[in-house]
Amino acid sequence: MSTQNKDAPATAVAEVVAVVETAKPKRVAVVFAAEGGFGDVGKLAAVAAIRDARLGTPVLICLTHAGDAGGSTEVRVDDAALRDDATKALSDAEVLSIDIEAADAQARVASAIEGCDAVVACIGNRQGLSYCCATSAEKLVQAMTSKDVEKLVLLTSYGLGTHRGDGNDTKKMWWGMTMKKEVKADLVAMEKVVTASTLSYLLVRAVQLDPAAPPGNLKAVRTRRDGSVRMKVAKSDVARFMVDEALELQSDAAMGTGAAQRGPRKTKGVVVGAKPGCYERVLSCCGECIFLAVT
C-alpha cells in the first residue's frame, strides 16, 4: 500500500511530462536560394512554415552567392496577390542571409538550425545562374550532422536518376538529356551528398516550376498505374508539399514503427507535377517514384 502511494506522484508527473512533450510544436528550418525557381519555392515554403499552426517559429536562411543579383524576398509568380503577400511576409520575418562561399558559412548554418526537428532545403537553381547546389548541400548536411538535425526534405529536379534507354519513362530521360550539362552535374552531385549521408531524407524532384500555374489540391500517386502528371506545377503547391513532408517525417507513420532502431528512412524521391487535362501529353512513372498530382 505504501509502495503504491509512493510511486503514484512520480507516475502522474511522468504522464504530465509526456503530454507536454507530445504537444510541443515542431520547429523547422527553411533554407532557400536567393534567386531562381528553387529559391521561389523555398521562399513560399518559408511563408507556409511561418503560418503553420503546427509549427513553432521557423528558422529562415537565405543562401547567397557571389553571382546573385536580386534581393532575398522577391518571389517570381504571376499571381500578384500571392507575390505581394509572400514578399511582405518575408520582409516582416527574420531571415538570416549567409554567403555559402564564406569560410564561416557552415558554422553559421549549424548555429542557426540547432534545435530544429527538420530542414526544408531549396538550394541552388536549374537556370545556370550559379553552380552551388553541391557546395550548399555539403555545408548543410555537415551542419545538420553536427547538430543532430536528422531529417531533410530537399528540392531537386525531375530528369535525375534515370538511365538512358529507360522505356518506362522516356520523357524523364528527355528532360535529363536536355538539361544544361553543368547544371545537371551540380544537381547530381547535390543528390549524391545527401544520399551518402546518414540523414533521413526525401528528394522532391520537381518538373517545371511554372510561375503562371494556378495552385490546386494535392494528391500523391504512388505508381504509374495510378496516373500521370503534366510537366508544369505551381511553385506554391511544391512549397506546401515540402513543409507538410517535413512534418510527416517526424511521425512514426512516415518513419515506420521502430525506425529509430532500424536507422533513418531512405527514399529515392518523389516527382512533383500536376494532373493532366484531356489530350495532353503526360509523363508516366518509372515505378520507383511517387507522383504528386493536382486534382
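Which hand does the crossing of α2 and α3 have, left or right? In this predicted model, the crossing of α2 and α3 is left-handed.

The chain contains ten helices and 13 strands. It has 295 residues, and 47% of them are buried. The accessible surface of the chain amounts to about 14400 Å², and carbon and sulfur atoms contribute 51% of that surface. Among contacts in the chain with a separation of 6 or more, 78% are between residues 24 or more positions apart.

Helix α2 covers residues 36–51 and helix α3 covers residues 80–92. Their axes come within 10 Å of each other and cross at roughly 70°. Angles of 65 to 115 degrees count as roughly perpendicular, and α2 and α3 are therefore roughly perpendicular to each other. On the α2 side, the contact is made by Lys43, Leu44, Ala46, Val47, Ile50 and Arg51. On the α3 side, Leu82, Asp85, Ala86, Ala89 and Leu90 take part. Sorted by class, the contact of α2 with α3 comprises eight nonpolar residues, three charged residues and no polar ones.

Helix α2 also packs against helix α8, which spans residues 235–248. The axes of α2 and α8 come within 8 Å and cross at roughly 55°. That angle makes α2 oblique to α8. The crossing of α2 and α8 is right-handed, whereas that of α2 and α3 is left-handed. In α2, the residues that meet α8 are Gly37, Asp40, Val41, Leu44, Ala45, Ala48 and Ala49. Their partners in α8 are Lys235, Ser236, Val238, Ala239, Arg240, Met242 and Val243. The contact of α2 with α8 has nine nonpolar, two polar and three charged residues.

The crossing of α5 and α7 is right-handed. From α5, the residues in the contact are Cys133, Ala134, Ala137, Glu138 and Val141. From α7, they are Asp186, Leu187, Ala189, Met190, Val193 and Val194. By class, the contact of α5 with α7 consists of nine nonpolar and two charged residues, with no polar residue.

Several single residues were also examined. Ala29 is located in strand β1, which runs over residues 28–33. With a relative accessible area of 0%, Ala29 is buried. Apart from neighbours within four places in sequence, Ala29 is in contact with Val59, Ile113, Cys116, Ala118, Val119 and Val120. The C-alpha atoms of Ala29 and Ala49 are 8.7 Å apart, while 20 residues separate the two in sequence.

Gly159 lies in the loop between β5 and α6, the latter being residues 170–178. Gly159 is buried, and its relative accessible area is 3%. Gly159 and Ala206 are 47 residues apart along the chain, and their C-alpha atoms are separated by 8.9 Å.

Ser91 belongs to helix α3. Its relative accessible area is 46%, so Ser91 is partly exposed. Between the C-alpha atoms of Ser91 and Thr73 the distance is 6.3 Å, and the two residues are 18 positions apart in sequence.

Asp148 is found in the loop between α5 and β5, where β5 covers residues 151–157. Asp148 is exposed, with a relative accessible area of 63%. Its phi is near 60°, a positive value in a residue other than glycine. Most residues other than glycine have a negative phi.

How values were computed:
Residues numbered from 1 in each chain as written. Predicted model: local features only at pLDDT ≥ 70, side-chain atom pairs only at ≥ 80, totals over all residues. Heavy atoms only, no water. Axes fitted to C-alpha atoms, helices over the stretch in contact; angles between N-to-C directions. Helix = DSSP H or I, 4+ residues; strand = E, 2+ residues; numbered from the N terminus. Parallel < 35°, antiparallel > 145°, perpendicular 65-115°, else oblique. Left-handed = near helix turned anticlockwise from the far one by under 90°. Contact = heavy atoms within 4.5 Å. Nonpolar A, V, L, I, M, F, W, Y, C, P; charged D, E, K, R; others polar. Buried < 20%, exposed > 50% of the residue type's maximum accessible area, 1.4 Å probe, protein only. Areas by Shrake-Rupley, 256 points an atom, 1.4 Å probe, with all protein chains shown as cover.
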